[in-house]
Amino acid sequence: MTNSVWQRAERRTRRLPQNPNLEQLKNQAKDVLKAHKSGDESCCDVLRFLAQFADKSRQQILAARITLQEAQHALALSYDWGDWAMMVETVLMCEGKSSDNPDGISEFIRKMLMEAIKTGASHVYFEPYQLNYRVRYKIDGELYTVATPPVELGPRLAEQIKRNASMDLDENKQPAEAVYELPLSRTKSIHIKVETFPIASGEKINLSFRDPAAVTLGFEKLGLEPPQIKALRSALGNRRGMVLVTGPRANGKTVTIYTAINELNTPALEIASVEAPVEIHLEGVNQYSVQRDDIPGYEEGIRISLLQEPDVLMISELKTSVSAALAVEASNAGQFVIATLQSDSARDALTRLRALAIPADDLARAVKLIVNQHLLRRLCTHCRIEVDDAKPELLAAGYPESALEPGFKLFAPAGCDKCHSGYKGRIGVFELLEVTDNLSRLIAGDGDAADIEAAQLATGNLRQSALLHLRSGITSLEEVRRLMD
Ligand SMILES: [Zn+2]
């Protein structure tokens, strides 16, 4: 009975349910009371949430007198609501019914966020449309609708979220962003990045979670292989030129770059960063925060940070030719720079920088290592199933016979109450491009893509790295195919 309503519905449908149902909740509270009256001990798990029963034995709880209000309150607390009234407000809103209670709005938002964190979502989207309002969770890269509150509540939801993040309430014509901290317990909190976008039917708001603890887990947990970690640590240790972390949007670049900075962060080094905006505060790092769209402010931030002559300069993203030129120029002048760049592959990163008007020979001198990453969904270890005779499938996916040693076990997703369609969480798959003297000459001479590709093959590519994750049953061929398409 202590399972959340959503988890139950999720078990039934193997995906996130639309809304919890008020009638069911009312009946559950009555069931708790009935169970208590008939001496059924199962009710004690819920009633223990009442302060007066926290330290009582089951026999003592069964012997006490209980009202329906108390059973309802206990049920609400067991589902992580503040009290029964709050629960009714939120559930009504999830069912698409309006609430007049001003606290209802902020409780609804809090509940949406707590459930999102509990289910492992990375983002929550609040989206107003002409006829519907929609709240969606992004879990392991997939979107699920979780609530459809009344459309007229849209402006109030937007206002409350902006108030939570101390944003300008009057600004709703321009995109804006902010980061705030949501306490989860006395010792733990999570950083929430809020981004607002004006659309025809109101303000769309994207929230994303950043767990400060995630960046202290180390490179192994991100999915880097031991030789890749060695190459990355060596480049970080040399502190020369430029290390680029590349990949498509929302594929874990930020966590990787923060993890790198976290490894370097010792009192012996002066570290500065320019971020749009600062997403995780790092003790001991001089972080310069700018608004995402404030391009001149961002470039100014890079100039100001360089004036401090830090040992390490982190630039959250090279987007414009000016920021790319500043980074390349600084690294060729002896400054160590770590930056991210949006690109599909390590090789594409060079093409992108050339497209940002960086001369080939400057690029060849500056870039020392490119770490390119994508995220693959992890198979749920509770329900993954072994594929019989995986060899034909692997060969069809382009893996050579030589790569498939006997005993290679391939797993596929199934789906259970502990996961989302057979997957839970994601893991990085990486390719590293080390810019050796030979490769540097190729880049400087505007070497063609095939030559650079050949040089890179020697240091491994995404397909090979993905094979390791397949071999250890971490991910499925379906996921790897999606990556390669
Ligand atoms: Zn599962």
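Helices (H or I, at least four residues) and strands (E, at least two) are taken here as DSSP runs, numbered from the N terminus. On that count the chain holds 20 helices and 15 strands. The model is a predicted one.

The C-alpha atoms fill a box of roughly 85 × 60 × 45 Å along the principal axes. Of the 485 residues, 39% count as buried. Among contacts with a separation of 6 or more, 62% join residues 24 or more positions apart.

Now look at the open sheet. Its 6 strands run in the order E3-E2-E1-E6-E5-E4, with antiparallel pairing. Strand E3 (142–147) and E4 stand at the edges. Each has a single partner strand, so one side of each lacks a neighbour in the sheet. Neighbouring strands are turned by 25° against each other on average, direction ignored.

Strand E1 (residues 123–128) pairs with strand E6 (residues 202–210) over 4 bridges, in the antiparallel sense. Tyr125 has Asn206 in E6 as its bridge partner. Helix H8 (residues 154–164) lies across E1, strand E2 (133–139), E4, E5 and E6. Its direction makes about 40° with E6.

Domain 2 gives 11 residues to the contact, and domain 3 gives 14 residues. On the domain 2 side, strand E4 (176–183) and strand E5 (189–199) each supply at least two residues. That side of domain 2 comprises 3 nonpolar, 3 polar and 5 charged residues.

Terms used: Residues are numbered from 1 along each chain as its sequence is written. This is a predicted model: local features need pLDDT of at least 70, side-chain atom pairs count only at pLDDT 80 or more; totals for chains, interfaces and linings use all residues. Two residues are in contact if their C-beta atoms, placed from the backbone, lie within 7 Å. Ala, Val, Leu, Ile, Met, Phe, Trp, Tyr, Cys and Pro count as nonpolar, Asp, Glu, Lys and Arg as charged, and the others, Gly among them, as polar. A residue is buried if 20 or more other C-beta atoms lie within 10 Å of its own, exposed if 12 or fewer, and partly exposed in between; C-beta atoms are placed from the backbone. Two strands pair if DSSP finds at least two bridges between them. Axes are lines fitted to C-alpha atoms, for helices over the stretch in contact, and angles run from 0 to 180 degrees between N-to-C directions.
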